[in-house]
Amino acid sequence: MPIWFELMILLLITYGVGIGLGWGLWGRGTGQDEGFE
Amino acid sequence: MMVEMIQENWLLFVIALLIGIAVAYWIFVVTRRTSVTTTKIDALDEGAAPAARNQALIDTPPASATIPVVPPGLAGAGTAVAAVVEEQRAEALKTASDDADETGADDLSRIKGVGPKLEAMLIALGVTRFSQIAAWSDDGIDRIDAQLGRFEGRIRRDNWVAQAQFLQDGDMAGYEEKFGKL
């Protein structure tokens with residue numbers, strides 16, 4: 001496996017971890033009721 | 001080997017992490033701020049076509065109280081016809097007001113602004129007679145008003161108490177002078 005490919009996969013995983021962190025911070029507990037009457 | 005690679009490119013990983021967090025922020029915070037506005041008018045709102053139509057039906061005098069139409073050709077018959085018409089009209093109004101008394105309840109829909117739905121709500125709340133409405137104090141109005149849900153505010157807006165007083169006394173002339181033809 002070329003090194004750049006491995007690096008790209010690891011970066012993608014890190015990106016996913018970032019999204020997961022964001023979800024934990026802002027995404028949790030806000031259901032469909034938010035923003036609607 | 002993998003650890004070494006991460007150590008060598010740590011800045012790239014930090015940037016990827018930050019981008020991920022930024023994307024998540026955009027998804028979970030920014031897009032959720034979008035407010036949903038609607039211009040759809042509720043069927044019961046003031047001015048909505050169904051509400052206007054219902055109000056027109058409510059305001060229409062009962063069939064028994066309508067004045068018989070004199071054909072144009074006979075209009076010249078003059079006062080005699082007018083007198084008969086007036087007599088029939090008075091009789092019709094009297095019958096209309098007597099209608100409800102047999103059951104011990106008044107026809108609350110005769111109050112302008114009270115439709116079938118409001119009438120049913122009032123009956124459910126134990127209000128069946130004009131005399132009850134005519135006797136409402138401010139507190140009484142508030143108490144009933146709070147239970148009318150969507151119709152809250154109608155009691156004062158349509159002045160039910162004054163209407164009920166006229167209807168209770170059978171003072172049709174006074175009623176019609178103040179609130180228009182029944």
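Q: Where does B:Asp107 lie in chain B?
A: B:Asp107 sits in the loop between H4 and H5 of chain B. Helices here are DSSP runs of H or I with at least four residues, strands are runs of E with at least two, and both are numbered from the N terminus. This is a predicted model, where local features need pLDDT of at least 70, side-chain atom pairs count only at pLDDT 80 or more, and totals for chains, interfaces and linings use all residues. Residues are numbered from 1 along each chain as its sequence is written, while chains are lettered from A and ligands numbered from 1 in the order in which they are written.

Q: Is B:Asp107 buried, exposed or partly exposed, and why?
A: B:Asp107 is partly exposed, because 18 other C-beta atoms lie within 10 Å. The cut-offs: buried means 20 or more other C-beta atoms within 10 Å of the residue's own, exposed means 12 or fewer, and partly exposed is in between, with C-beta atoms placed from the backbone.

Q: How far apart are B:Asp107 and B:Phe130 in space?
A: They are 8.3 Å apart, C-alpha to C-alpha. In sequence, B:Asp107 and B:Phe130 are 23 residues apart.

Q: New topic. How many helices and strands does chain B have?
A: Chain B has 10 helices and 0 strands. Of its 182 residues, 13% count as buried.

Q: And chain A?
A: Chain A has 1 helix and 0 strands. Of its 37 residues, 11% count as buried.

Q: Which elements of chain B have the highest and lowest mean pLDDT?
A: Helix H2 (residues 10–30) of chain B has the highest, at 92. Helix H4 (residues 79–99) of chain B has the lowest, at 75.

Q: What about the scores for the model?
A: The model scores ipTM 0.75 and pTM 0.36.

Q: How many residues of chain B are in contact with chain A?
A: 20 residues of chain B are in contact with 20 residues of chain A. Contact means that the C-beta atoms of two residues, placed from the backbone, lie within 7 Å. H2(B) gives the most to the side of chain B that touches chain A, with 13 residues. That side has 15 nonpolar, 4 polar and 1 charged residues. Ala, Val, Leu, Ile, Met, Phe, Trp, Tyr, Cys and Pro count as nonpolar, Asp, Glu, Lys and Arg as charged, and the others, Gly among them, as polar.

Q: Is A:Gly18 buried or exposed?
A: A:Gly18 is buried, because 23 other C-beta atoms lie within 10 Å. A:Gly18 is in helix H1 (residues 3–27) of chain A. Leaving out residues up to four places away in sequence, A:Gly18 touches several residues of chain B, including B:Leu17, B:Gly20 and B:Ala24.

Q: Which residues touch the most other members of the largest nonpolar core?
A: Of its 15 residues, those are B:Ile111, B:Ile133, B:Trp160, B:Ala164 and B:Leu167. H9(B) supplies the largest share of this core, 4 residues. A nonpolar core is a set of buried Ala, Val, Leu, Ile, Met, Phe, Trp, Tyr and Cys residues joined through C-beta atoms within 7 Å.

Q: What does B:Trp160 contact?
A: Leaving aside neighbours within four places in sequence, B:Trp160 is in contact with B:Ile111, B:Gly113, B:Ile133 and B:Ile155. Apart from this core lies another one, of 6 residues, among them A:Tyr15 and B:Phe13.

Definitions and conventions
pLDDT = per-residue confidence, 0-100.
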